[in-house]
Structure formats: C-alpha cells, structure tokens
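Colleague: I would like to learn how to read a sheet and a chain contact. Please show me on an example.

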Amino acid sequence: MRILGISAHYHDSAAGLLIDGVPVCSVEEERLSRRKNDAAFPLLAIEWCLEQAGLEPEALDAVVFYEKPMLKFDRILNMALRTFPRSWRSFPQAMKNSLGEKLWVKGIIASQLGIAGSKILFTEHHQSHAAAAFYPSPFDEAAILTADGVGEWATLSVGRGSKARGIEMLRELRFPHSLGMLYSTFTAWLGFPVNEGEYKVMGLASYGEPSLADEVRRTVLPAADGSFRLDLDYFDFHASAKRSYSDKFTALFGAPREPWDPIDLGTAEGKRYADVAASVQLVLEELLLGLAQRLQRETALKALCLGGGVALNGVANALLLRESGFGQIYVPSAPGDAGCALGAALWADRIHFRRPHVPIPDHPYWGPVIDGKDLLRIAAEDGLECETLQDVPARVADELARGRIVGWMQGASELGPRALGNRSILAAPHDAAMRDKLNRGIKYREEFRPFAPAVPVEQARRFFDLPEGGERLGRFMSGVFKVRPEWRDKLGAVTHVDGTARVQTVDRATAPLFHALLEAYGARTGIPVLLNTSFNLAGEPIVNKAVEGYSTFRRSGIDVLVAGTTLATRRKGASDAMLPREAT
Amino acid sequence: MTLKRRGKIARTLILMGSAGPSIVDGARGLWRSDAGRKWLVPLLVFLCVTGLLLVVAASVEALAPFIYAIF
C-alpha cells in the first residue's frame, strides 16, 4: 500500500511517502524551495517523494493530510465570536487567512495530483504528532504526550500506544489553553519571531535566574485534573492577529523588547530579559513534568514518546527523563509539523487501514542524497580545484585538527530542524573562541546561542553526565545534559554558560561515516567530540544539494567543503597549526 | 517526474467539485457537536461559500468582475 502524507499551510510544510508500512522518504518543502519555514502546499516535496519511489500520483492508494481544515476553521470562527468585541479587528484578517487555500485542501490535493477525492484522507493534527512520535520509536508500548501551539482544537494530548493494538488518545487540552502558546507569547515579548525564535528563548534562559517564576505562574492556573488553564487576561493571541500578550501582561513583566534591540547581558535590561526567559522555561518544565508524572502513574508504562513543537525543548526533555518516572524517552528527529507528513501517513496505515505494524528504520535521514560529483563540477566551473579522497574521515579529521571549519555533506539529508551529521558545519569544540568565530563569521547569530557537540555514543558518558536513557534521547539531539566539570574547559565551544550541552550521541549503525570521523578526530586530539551545527547561514534553510553547500561555502568563513568523497579548500587557508593533544 | 500541471479553470472546477462535500462535513460536525453550537452552521456555510467565491475570483480572472459585483 502506498500512502503519501502531507503537512502544509502553517509552517514547515513537508511530504512523506510510506510504502507497505515503511517510510521511503520525506522532506520539508523549504529544503527544495529554499524559503525558510516554507508553509506553502509542498508541491516540490511531493514531486520529489514520488520521483524517489518511481510512482505516478495515480499509483497512490491514499493521500493523507495532517489535520482537519474544517475543524480548524470551526475553532477560528468560534474564538472570533467568543472574544467579540475584542476580536473585531482581527476577524477580517482571520477570515482572509482561513478562507483561501487552507480550507479547500481536498480540492487542492485532487487538482494538483489528479487523484480521486475518495483517496484523500484527513487525520487530526495531534493524531499525526502522536503517530510520528510513537511508530518510529523503538518501544512496543509507550505513553504518548504531544504538545504544541495549536492544531484544530487540541493543544496538548496524552495517550498510550501499542505496536500491536494501535494508539489510544486519553485526554486533550483545548485552545486557547496551550503550553506552546504560553512559550510563544514570551518569545514574542522577548522580540523573537514566533514559531522560529523559541530555541533562542531556551538559549537565553541559561543566562538568567528564574526570579520571575511566580509572576509567570500567575498567568497559568492549575486545573483540578492535573492540567492547567491560561489566565486569558494576560494573553491576546486568541483575540488578536497582531499581539500575543495583553496590557496586563506588560504591566506584570514590563515593556517588551523591540526585535532590533540587541540583548546586552551586561545591562540590567538584558539581565531582565534573561530572567524572564529563565522563568518561563522553569514554569514550562514544571507543567510538563506534572503532566508526564501523572501520565506515568496512570499508564504504568516505562517509555514515553514526545511529539509536537514543545518536544524540541531539550532542557525540558532531559528533566522529564530524570524525574518523570519514565526510564526511556523518544523524540523523533522532526517532532514539529514537518514530521506530521509521515505521522499522518503512519496513522492512516496503522489505524485507518488497520494494517499491522512493521519495524521502521531508526534514523533521521529521509531526504535527498548528496552527490559528490556535483561539487566537483560546480567547483571546476568556478575555477576551484577539488580533491577526491580515498579516506574521507582521516583527511577531514586532519583538517578539523588544524582548526579548520568544515562544511560536511554526506548521504541523505535529515528530516527535522537539527543537522545530525549529514548536512553539518563541523569544527573543533575545544576553544570558546571557535564558538565566537562561528557566530560572528558564519552563522551570524546571537552570542548567547550555544553550539552542540557530537560524540560517539559509546564514549558519551566520558564527557557528559547522561542519565539512564540519555544516549537514546541524544541520538537526535533531543536532550540537554551537563558537561562533566573536568571537560568543560576542553569543550569550551560547545559548553553553554550553565555547563550544559545539547549532545548528539552518534551511533555507528545509524551514521557510520560520521561516527568514523569522530573516531578519527579523537585519534588525533584525544577527544572524539566535534562541534556540530546546521549547514546554513542565518535566515536560510539547511543546505540540500551540492550547489547550495558550495554557495554557502563561498559566502561564509567555512574553510573546507566536503561532499561525498570530494573535498574543496578555500583558496586562502586558515592556520595550519595542529591543535595540541588535549587528553590521553 | 513532474506533476501534471492543469490549467487554472480545470483546477478551479476540481476544487469547486470537492468544496460541497467539505462544507457538508464541516456543517455536520458542528451540528453533531455537543457544545450547543448548532446555531453556527448557517454562518459557517455562508463564510465557506463566500470564501469559495473569492478563491474562484482569484483563480479565474474573467469571472472576478461578476463575483466582486456581488459584494
């Protein structure tokens, strides 16, 4: 059975293809259209998926959309009426936004793919999240917790999954009471773009003290059933298209930061922003922990699968692993809406068509495959000579040990927002100066944002304080853990101000070449750890093809570009001094 | 492989063909909801039809003057 899953029209649209119950490929539209967070109907992604499988649209048995547009419209209409007259200004905007393409998804799919309407199915948004989180997990049975801004009505749902019996959703929290919207409101107040800047809030939180946690708790009211409600007097996102927070909110937390104002952590103002970020992070962790502990007691299960955009919060994920009672936590590589394309297809396959579960390969590499020969050709056209390597890990490790910054493109691209070793910028992790060099010369981003380390899974505990289950959570960079104190100085570029790091534990079976590179680097420096950040410049999607990697390489301070077995070196090289051997 | 590109009119006709069942689904969902929201059904249908007309006006430019004249 061939099922195409589609997510679109909110942010990070994507397509994914399932054949006989197993994912074949999946890609975000932004990687192909080159528009960051592209929310358009993912025609390019659909074409690419069908091409990968050699299928014509008519050969599909079903096309599944990841949410129910009419139910979503019902919510928008209800909220507009419920909040009248506050919503009278936003009502025309909401209608204009909803009544166009977004409502007529069935017709759009039928007209673009030329398939019968009877083949088009819809799942609920949080069902897609739940399926994306549970079915690819290594657990036969697990509790499921999904949380994001909002789907149709649900903003948070809990359930339990069994590979034999399917998924049972137990309860849901409904809009406007939403963990994602709570965090996004503070994201907006801190001057960061909503749906994009949440990870900046998490990074900033490490610089502050949660001294305003009681004020944040005032905006969230505990409910008798263990969940919570937002005190809507502090929020405006449910009634306004322009502002997330109300005047009462600004009276409590002060004037919002303007997006163009720099955050200077040396000033009282900068410290206040960091304290607010730390406070909302703490309250989010408390709420999630309470929900997860209750779910663990209720289900008595040992494993938890997390889905939805909130599952990108690695600090909260690590806390749940330590304290929720679940011994194992799985977060897919794309817990957000992009992952819902495959999630919707999986839900249709296992639940709607009642087909038995078949194991799913445990890796995040579902996107287009790189061809090193393309780099050879592009560089030649540009007058740059390339080398074809016999031993890629050894040669690249030499370059990294010399302090060079490497653009690394191998195999199929990752699904999700993290570069997990196939579309990465790699560098030596030892010196904090490397972090600043990357921030200022390549990534062009705020100084308070940390970089992640990658380490072979079998050596992770040597450098990082991982709880039981930490290796698994770290496979897709989903947890933030303490760097062991004795290594913090030697891992200065990847150790955050609070002594933590968002570790990627690299498994030989999942990513053999990246694992070999880490080992080769360890053989040269004594520390098999590399700084790993996504291969893109600020405001651009992660590179997909060799041409995009080459363009990024030419426009930034990357010293060496590797695609497959092809290596290109910047004409004016960096320092050739080998790094001192750090440890034995 | 490239998806077959259909003309605007063909796409709009397909879209309109599927709009009826979508509206019926939405109205049925509201009617069956237990939150006393049955009274919203006429408003939902009106807005959906309006939206559909606007999509048609944007897609088939020749019809736009006639559709906009309604408003």
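This is a predicted model: local features need pLDDT of at least 70, side-chain atom pairs count only at pLDDT 80 or more; totals for chains, interfaces and linings use all residues.

Modeller: Residues are numbered from 1 along each chain as its sequence is written, with chains lettered from A and ligands numbered from 1 in the order in which they are written.

Colleague: In what order do the five strands of the open sheet in chain A lie?

Modeller: Strands of a sheet pair through backbone hydrogen bonds, either parallel or antiparallel. Here the order in chain A is 8-7-6-11-12, with mixed pairing. Strands (E, at least two residues) and helices (H or I, at least four) are DSSP runs, numbered from the N terminus; two strands pair if DSSP finds at least two bridges between them. Strand 8 (166–174) and strand 12 (328–330) of chain A each have a single partner strand, so one side of each is left without a neighbour in the sheet.

Colleague: How many bridges join strand 6 to strand 7 of chain A?

Modeller: Seven, between residues 141–147 and residues 154–162 of chain A, and the two strands run antiparallel. Ile144(A), for one, has Gly159(A) in strand 7 as its bridge partner.

Colleague: And the contact between chains: how many residues of chain B are in contact with chain A?

Modeller: Two residues are in contact if their C-beta atoms, placed from the backbone, lie within 7 Å. By that rule 23 residues of chain B touch 24 residues of chain A. Helix 1 of chain B gives the most to its side, with 10 residues.
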